[in-house]
Amino acid sequence: MKKCLPFLFLITSLILSSCATTDSSQNHQQNLNESERLALTAEDYERAERMLSWNLSDKVTRNQVSPQWINEHTFWYRVSTERGNEYMLVNAEAREHDHAFDHERLAATLSEMNGNDQDPWGLPLQNFSFSDDLNTITFTSRGSLVECSVETYTCEESGAAPYTLANSVTSPDGKLAVFIRDYNLWVKDLETAEETQLTTEGEEHYGFAINNQGWNRSDTPIVKWSPDSKKISTFRLDERGVEMMTLWRTVEGRPEADIWPYALPGDEVVPMLERVVIDVEEKTKTWLDIEPAHQRTSNCCGLTRGQDWADNEWSEDSSRLAFVSTSRDYKEVTLYVADPESGEVREVYHERDEIFFESNLTSRGVPNWRVLEDSNEFIWFTRKDNWGHLYLHDLETGEEKNRITSGDWNVVDILRVDQENRKIWFTGVGKEDGIDPYYEFLYTVDFDGNNLTKLTPEPLNHDVHLSPDASFIVSTHSDFVTPQKSVLRDASGEILMELEEADISALLETGWQKPVPFSAKARDGETDIYGVMLLPSNFDQNQSYPIINNIYPGPQVGSVGARSFSHSRRGQAQALAELGFIVVQIDGFGTPMRSRDFHTYYYGDMSDNGLPDNIAAMEQLAEEYDFIDIDRAGMFGHSGGGFATASAMFQYPEFFKVGVSSAGNHDNRGYTYYWGEKFQGLLEDTEEGDTYTNQANHLQAENLEGHLLISYGTMDTNVHPAMTLLVVDELIRHNKDFELVVMPNRGHGYANEPYHLRKTWDFFVRHLMGAEPPTEYRIGR
């Protein structure tokens, strides 16, 4: 029998004189009068509120170094410290590391210029840069461009701040910005402010560079500038005939409609891309000689990476364009090369994956293919042997020349390719034995697969930056419990000097508890899966705690997220734990960064959500730790996590007693076709209905037995509220008790709003802990 002592951190009106089993404790609580129930106070909620991410963000300092390279061996960076923000300058070659300038002298000069007191550790230096000789710094302040000598600390305004244009993409030379006006592309000269129209045929639902992906819309065009800033690779988006999605914005009087094209799985008419190259100087268009392409990228998610159209690559001399086209079902990818002058297109290589293809295993990672113009070759990433690896191919024939990497591990990101020395720098996961397989390391390897070398040896997760010529490396290593340390390395990985070490003393003073990483066996009893466990600051191993699973099932990411040190986890899980819960995050089957088999485990049945793996891990944790009360298990999640939470409550009612499901894509027939058609497959009719019937939450809603809170935003353009209302309608039809929170005029990202957080806390406190929350506690932000 597990120990079951009263919570020391709760104020109670009832003192239990003996221990009982978990079940009898729950039954006893249910029989108590409202006045006799355990009660949490405002002070308990205040303690939890202190653990919210925005209240902890200033409690960790010196934890990030993002080098801004001035030349091959010199860089500056800005670091948060106990005083504020400090600018540092590093000469890697000379091993010199010091303040970039005298902050107090510069503050004094700016105070005199601006007529106010300037904080030396809060300098308003936007668009900061150094001159090549390092004697002058330039930045914008109060709408002006300011130049200051770091020798004399004299400053002068040298003109107006550089013009910036909202919803535009700037050319590589920084002189031009391309933007959309009335469905056509225009370009603005950022020096003269002159505007030039580049296209004229654009019209509604048939415009140039339009960024409408249904689930995601933006006024910024989707383009890829050529390196010489003279040409643009883009497309004309044909949405004519695509069916519309509608939302209603709540206002006084009549609501306002938002209507836009949004393709769903199985739609006959979907958006198509007509590829075109625009010569900005000549104001001419060259249509590429190829059939319209589907609105796809060779890895998840969306068409852009940063400001660039993904799966497009110009040669260094801007004379050739390479691109990858992906089929609607994500099974087929084809590499092409095109002549931007004539529009001629040549197919180079084609590959088919019977489930779905991935060119990068991270969400919104840059596709891992590179064309090597100098040697007429290309580097290709594929999981055709179950793991994500690099291969070298002939650019003329497409034939594979050799494998570059191999083994039961994955390449993550290609960081640099040296064509002259035939060498690649990349990050990888899973290669090192005996540690978390999600830790990233930096490696180099030759084109022929020889000389694979690890450059970041510490058994931790690494974030890396290379100098322009890769002669120096700035890396930051950490894990869940080890704060960041940033170092400068030479090309071989040897540490030359320490740059920063994170200070978490202020964080620890709050009572914050470090996460507890763990591994467990998946549903098959063999495969290792990994997660973290979060504890309250006043944790007592002799007490009994309910356990809550904070889930995001992917398949494009997992629940745990980055393995780096962080003061907060997804879903404000640390704050929820602080109320007296054990909160876990687990990466089960169906999440990325492991083998192809692991990642695609439940392809065709998204309602699986890795739930059996999560249950298995939670049960194993309860067997190991007596303080976990597995009979009081709950789950919460947002978006895909909301889908998984409702599914858990319907599929496993005997295990999950309480759930909070927000903004869930509860039936992917009503979600964007890019998502369902990749991870569920194409929608096809079957005797049971169709191939999406098995994943629809509303068709399982009658199984609800526990306590469920559902929420949605009425202006969620990503996950339409209709999917939630299908579930609500079925719960009503089956006479089920549940709670519903509607967030008027909110989009998809409302989960961290104070009201929604408080309702989540209240729900778990009342129904999983068996206590009463304080009345209408107000969370500040």
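Lys 384 is partly exposed, with a relative accessible area of 45%, in what is a predicted model. The side chain of Lys 384 forms a salt bridge with Glu 400, and the closest N and O atoms of the two are 2.8 Å apart. Because Lys 384 lies in the loop between β31 and β32 (389-394) while Glu 400 belongs to strand β33, the pair ties together parts that are 16 residues apart in sequence. Glu 400, for its part, is partly exposed as well, at a relative accessible area of 37%.

**Salt bridges**

In total, the structure holds 41 salt bridges. Side chains of opposite charge can pair when their charged atoms come close. Another of these pairs is that of Lys 401 with Glu 377, for which the closest N and O atoms are 2.5 Å apart. This pair links distant parts of the chain, since Lys 401 sits in strand β33 (residues 400-403) and Glu 377 in strand β31 (residues 377-382), 24 residues apart.

| Lys 401 | Glu 377 | 2.5 Å |

**Disulfides**

The model contains two disulfides, and with the bonded cysteines counted along the chain they follow the pattern 1-2, 3-4. In one of them, Cys 148 is joined to Cys 155 with the sulfur atoms 2.0 Å apart, and the angle of 115° about the S-S bond makes this link right-handed. Cys 148 is buried, with a relative accessible area of 1%; Cys 155, at 18% relative accessibility, also counts as buried, because the cut-off for that class is under 20%.

The other disulfide is formed by Cys 300 and Cys 301, whose sulfur atoms lie 1.6 Å apart. The link of Cys 300 and Cys 301 is right-handed too, with 65° about the S-S bond, and both of these cysteines are buried.

In soluble globular proteins, nonpolar side chains tend to be buried together. The largest nonpolar core of this model has 61 residues, and those with the most contacts inside it are Ile 379, Ile 424, Ile 582, Val 584, Met 618, Phe 650 and Phe 656. Helix α8 (residues 611-624) gives the most to this core, contributing six residues. A second, separate core of 41 residues includes Val 60, Ala 575, Ala 663 and Val 741.

For Ile 582, leaving aside residues up to four places away in sequence, the contacts include Met 533, Leu 534, Leu 535, Pro 536 and Phe 539. Among the other residues that Ile 582 touches are Tyr 545, Pro 546, Ile 547 and Ile 548, together with Phe 627 and Ile 628.

Phe 636 has its place in strand β46 (residues 628-638) and is buried, with a relative accessible area of 8%. Not counting residues up to four places away in sequence, the contacts of Phe 636 include Ile 548, Asn 549, Asn 550, Ile 551, Val 660 and Phe 764. From C-alpha to C-alpha, Phe 636 and Leu 708 are 9.7 Å apart in space, although 72 residues separate them in sequence.

Phe 764, one of the residues that Phe 636 touches, is also among the buried residues of helix α12, which include His 756, Leu 757, Arg 758, Trp 761, Asp 762 and Phe 763. Helix α12 (residues 754-769) has 16 residues and reaches 21 Å from its first C-alpha to its last, which is close to the 22 Å expected at 1.5 Å a residue. The residue that follows α12 is Gly 770, with a positive phi near 75°.

Conventions: Residues are numbered from 1 along each chain as its sequence is written. This is a predicted model: local features need pLDDT of at least 70, side-chain atom pairs count only at pLDDT 80 or more; totals for chains, interfaces and linings use all residues. Side-chain values use heavy atoms; hydrogens and water are left out. A disulfide is a pair of cysteine sulfur atoms within 2.5 Å. Buried means under 20% relative accessible area, exposed over 50%, partly exposed in between (1.4 Å probe, protein chains only). Helices (H or I, at least four residues) and strands (E, at least two) are DSSP runs, numbered from the N terminus. Contact means heavy atoms within 4.5 Å. The expected span of a helix is 1.5 Å times one less than its number of residues. A salt bridge is a side-chain nitrogen of Lys or Arg within 4 Å of a carboxyl oxygen of Asp or Glu. A nonpolar core is a set of buried Ala, Val, Leu, Ile, Met, Phe, Trp, Tyr and Cys residues joined through side-chain atoms within 4.5 Å.
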